[in-house]
Amino acid sequence: MTERAPALSAESLDQMPGSTAAERRSIAKWYAAARAALASNRPLTTAATPASNRRLASDLPAAEIEALRSVGAFQDTPIGVDNDPFIKSQVEYMAVLEESLSAAEAAKLLRVDVSRVRQRVRDRSLVGIDHEGSWRLPRFQFERRFVIPGLAQVLRALPPDLFVLDIVDWFVLPTADLELDADAEPLSPRQWLLSGRPVETVVLLARNLTFD
């Protein structure tokens, strides 16, 4: 059976106490923009929240982490400011869940047993989100029927307490540190790895990653 993440439906938006029609439209807009970005491996930062406004998962109280795992999160969170970065992060989190693969879908894509996918999540060679007892695997780490080259090495070099939204954005956001020459557009870590360039370059960036 395929696990499905909850979509942010019109019915779900209507269940948010105290939110106005304008606020619900903003949330729906952010959600649609985030899903479109994820579907084409573009940065979430261009869809809504700057990464600098996000927090590490370890900085979030347990109640907030739990709230992020369902649309019900919004029931306990006031939505009074149009540009609230935490609300946008919640919306983006829902979009990541919806656009991610289940463990079964990832196993089918990679032509391996589902237990192998779960093992790779546990040993940090794949990114997985534990959603209601099931793993969700963001799509950025796959290309066609394969895992992007060097993914395991890079993931293990990243800080272990990074929030999943920051992991997704870091992989797909172009960086000047991966610029080939002065006239070329900089590449994202994902693009660099897919191009067959040295994995060690991205590993070094991952090892030195900090958020101010």
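Contact here means heavy atoms within 4.5 Å. By that criterion, and not counting residues up to four places away in sequence, Trp170 touches Val154, Leu158, Pro189, Val202, Leu205, Ala206 and Leu209.

## Basis of the model

This is a predicted model, in which local features need pLDDT of at least 70 and side-chain atom pairs count only at pLDDT 80 or more, while totals for chains, interfaces and linings use all residues. Residues are numbered from 1 along each chain as its sequence is written, and side-chain values use heavy atoms, with hydrogens and water left out.

## Overall make-up

The protein chain has 10 helices and five strands. Both are DSSP runs numbered from the N terminus, helices being H or I with at least four residues and strands being E with at least two. Of the 212 residues in the chain, 46% are buried. Buried stands for under 20% relative accessible area, exposed for over 50%, and partly exposed for what lies in between (1.4 Å probe, protein chains only).

The protein chain exposes about 10,700 Å², and carbon and sulfur atoms supply 51% of that area. Accessible areas come from the Shrake-Rupley method with a 1.4 Å probe, and for residues only the protein chains shown count as cover. Among contacts between residues at least 6 apart in sequence, 63% join residues at least 24 apart.

## Strand pairing around β3

Strand β3 (residues 134-137) runs antiparallel to strand β1 (residues 101-102), and two bridges join them. Two strands are taken as paired if DSSP finds at least two bridges between them. Strand β2 (residues 129-131) also pairs with β3 in the antiparallel sense, over three bridges.

Arg136 in β3 stands opposite Ser102 and also opposite Ile129. The hairpin of β2 and β3 has two residues between the strands, and Glu132 takes a positive phi near 55° there.

## The nonpolar core

A nonpolar core is a set of buried Ala, Val, Leu, Ile, Met, Phe, Trp, Tyr and Cys residues joined through side-chain atoms within 4.5 Å. The largest one holds 51 residues, of which Phe140, Phe142, Val154, Leu158, Trp170 and Phe171 touch the most other members. At least two residues of this core come from each of α2 (21-39), α4 (85-99), α5 (103-110), α6 (114-122), α7 (151-157), α8 (164-172), α9 and α10 (199-207).

Leu97 lies in helix α4 and counts as buried at 0% relative accessibility. Leu97 and Trp135 are 38 residues apart in sequence, and their C-alpha atoms are 9.6 Å apart in space.

## Arg190, a buried arginine

Arg190 sits in helix α9 (residues 189-194). Its relative accessible area is 8%, so Arg190 is buried. The Arg190 side chain reaches the backbone oxygen of Phe142 at 2.9 Å. For such a polar contact, a pair of N or O atoms must lie within 3.5 Å; within protein, one must be able to donate a hydrogen and the other to accept it, and residues adjacent in sequence count only if both atoms are side-chain atoms.

Leaving aside neighbours within four places in sequence, Arg190 is in contact with Asn41, Phe140, Phe142, Glu143, Ile148, Phe171 and Val172.

## Salt bridges

Five salt bridges are found in the whole structure. The criterion is a side-chain nitrogen of Lys or Arg within 4 Å of a carboxyl oxygen of Asp or Glu. One of them links Glu99 and Arg35 at 2.6 Å, N to O. Because Glu99 lies in helix α4 and Arg35 in helix α2, the pair ties together parts that are 64 residues apart in sequence. Glu99 is buried at 14% relative accessibility, whereas Arg35 is partly exposed at 25%.

In another salt bridge, the closest N and O atoms of Arg156 and Asp123 are 3.7 Å apart. Arg156 lies in helix α7 and Asp123 in the loop between α6 and β2, so this pair ties together parts that are 33 residues apart in sequence. Arg156 is partly exposed, with a relative accessible area of 46%, and Asp123 is partly exposed at 26%. Glu143 and Arg144 also meet through their side chains, at 3.8 Å from N to O. Glu143 is partly exposed at 28% relative accessibility, and Arg144 is exposed at 70%. Salt bridges that share partners join Arg35, Glu98 and Glu99 into one network.
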